[in-house]
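I set out to record what could be looked up in this model. The entries follow in the order in which I made them.

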Amino acid sequence: MMHQQRSGPRLSPSGDTGDTEHTGHGDQGGDIEDIVLRLAPRLAYFAGVARTEHVTRAAQEMQVPQSTLSRAMVRLEQDLGVDLFARRGRTVSLTPAGRTFHASVERALTEIERAADEVRADADPATGKVAFGFLHTMGAETVPGLLQAFRAEHPRVRFSLVQNYGEAMLERLRAGELDLCLTSPVPDAPDLVARRLDEQKLRLVVPADHRLAARKRVRLAEAADETFVTLEPGYGMRRITDDLCKEAGFKPRIAFEGEEAETLRGLVAAGLGVALLPPPAVPRPGVVELTVTAPRAAREIGVAWLDGHPDTPPVAAFKKFLLSRRGNLLSS
């Protein structure tokens with residue numbers, strides 16, 4: 001049996017009790033958004049009626065007034081411009097259009113239910129998920145040690161881990177892709193909350209056969225004539241290197257720019273320059289690491305999160321844990 005085609009969709013109000021009708025005009029994108037807003041509240045009602053093929057029974061199962069359910073189905077058909085049901089008293093059966101629509105509605109509702117289950121699982125205090133970002137230089141020892149200590153008390157909390165440089169992590173924080181991040185320098189921005197956790201001394205790394213290699217300590221000004229290898233602009237360590245060299249009275253001559261501290265150590269070992277870097281996770285052959293006595297060479301490490309963003313229980317627990325490690329964050 002062919003279903004009856006109504007004379008064009010008329011978009012009824014989102015409420016199911018009013019009599020005012022609205023005919024959509026304007027661009028196609030606006031019409032589509034309008035249709036979705038009006039259809040969405042009625043889809044679960046439609047699925048219930050389609051499943052039971054009985055308005056009264058569906059109303060009882062969903063615990064809504066029968067009149068509300070009947071009105072919702074009428075408005076849904078008006079919005080779509082097609083008959084979804086063939087009616088015989090309180091009993092109904094799906095038309096061909098209704099069966100097509102029902103299959104898509106069930107898929108949509110299943111996906112919504114899956115998404116709801118997923119976000120509830122991520123927020124579960126015991127088994128939820130934390131999206132955590134950190135600097136590459138903290139990935140070898142510091143972060144594994146932190147996670148090991150945290151999971152001793154919260155063994156089932158899951159983590160999504162992101163290693164990146166500071167500015168990129170802050171962008172992902174603002175985009176809602178991260179809950180927390182360990183970064184340096186500690187950001188100062190009106191949309192972020194940041195707390196200083198620790199400080200890490202920096203060293204001047206030179207080749208093993210360098211003229212300064214026999215020394216234990218050095219003033220940074222003594223490297224003014226050296227070629228430097230550094231991280232790329234945008235990295236926190238690059239900004240710190242530039243600032244410390246400026247404070248020491250010179251602008252560094254940069255031969256190579258990289259994205260990872262251990263790659264820079266390899267370049268230093270190959271005799272391609274010197275570098276200001278945090279301590280390595282394990283000693284690197286071919287280089288000597290010198291304490292910088294002047295200016296004071298250190299970087300602050302802090303944790304940042306988006307201001308006003310509500311925390312799930314697992315995120316709140318991990319944030320509290322990180323803040324409790326103030327002054328004792330780093331393993332070296």
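I took helices (H or I, at least four residues) and strands (E, at least two) as DSSP runs, numbered from the N terminus. The model is predicted, so I kept to its limits: local features need pLDDT of at least 70, side-chain atom pairs count only at pLDDT 80 or more, and totals for chains, interfaces and linings use all residues. Residues are numbered from 1 along each chain as its sequence is written, and side-chain values use heavy atoms, with hydrogens and water left out.

**Entry: backbone**

The bond from Ser-184 to Pro-185 is cis, with omega near -5°; Pro-185 sits in the loop between strand E5 (180-183) and strand E6 (192-201). The bond from Ala-294 to Pro-295 is also cis, with omega near -10°, and Pro-295 belongs to the loop between strand E12 (287-294) and E13. Glu-53, not a glycine, has a positive phi of about 50° and lies in the loop between helix H1 (28-52) and H2. Most residues other than glycine have a negative phi, and most peptide bonds are trans.

**Entry: helix packing**

I next took up H2 (residues 55-62) and H3 (residues 66-80), which pack at about 115° with axes 9 Å apart. Axes are lines fitted to C-alpha atoms, for helices over the stretch in contact, and angles run from 0 to 180 degrees between N-to-C directions. In contact (heavy atoms within 4.5 Å) are Val-55, Thr-56, Ala-58, Ala-59 and Met-62 of H2 with Gln-66, Leu-69 and Ser-70 of H3.

**Entry: salt bridges**

I counted a salt bridge where a side-chain nitrogen of Lys or Arg is within 4 Å of a carboxyl oxygen of Asp or Glu. The whole structure holds 18. One joins Glu-167 and Arg-239 (3.4 Å, N to O). Glu-167 is in helix H6 (residues 166-174) and Arg-239 in helix H7 (residues 236-247), so the pair ties together parts 72 residues apart in sequence.

**Entry: cavities**

I defined a cavity, on a 1 Å grid over the protein atoms alone, as a set of points where a 1.4 Å probe fits but cannot get out; lining residues have an atom within 4 Å of a point. Grid points are joined across faces, edges and corners, and a volume is the space filled by probe spheres set on the points. I found two cavities of 30 Å³ or more.

Notes: 1 Å grid on protein atoms, 1.4 Å probe; cavity = no way out; pocket = protein on both sides within 12 Å on 5 of 7 lines; lining within 4 Å.
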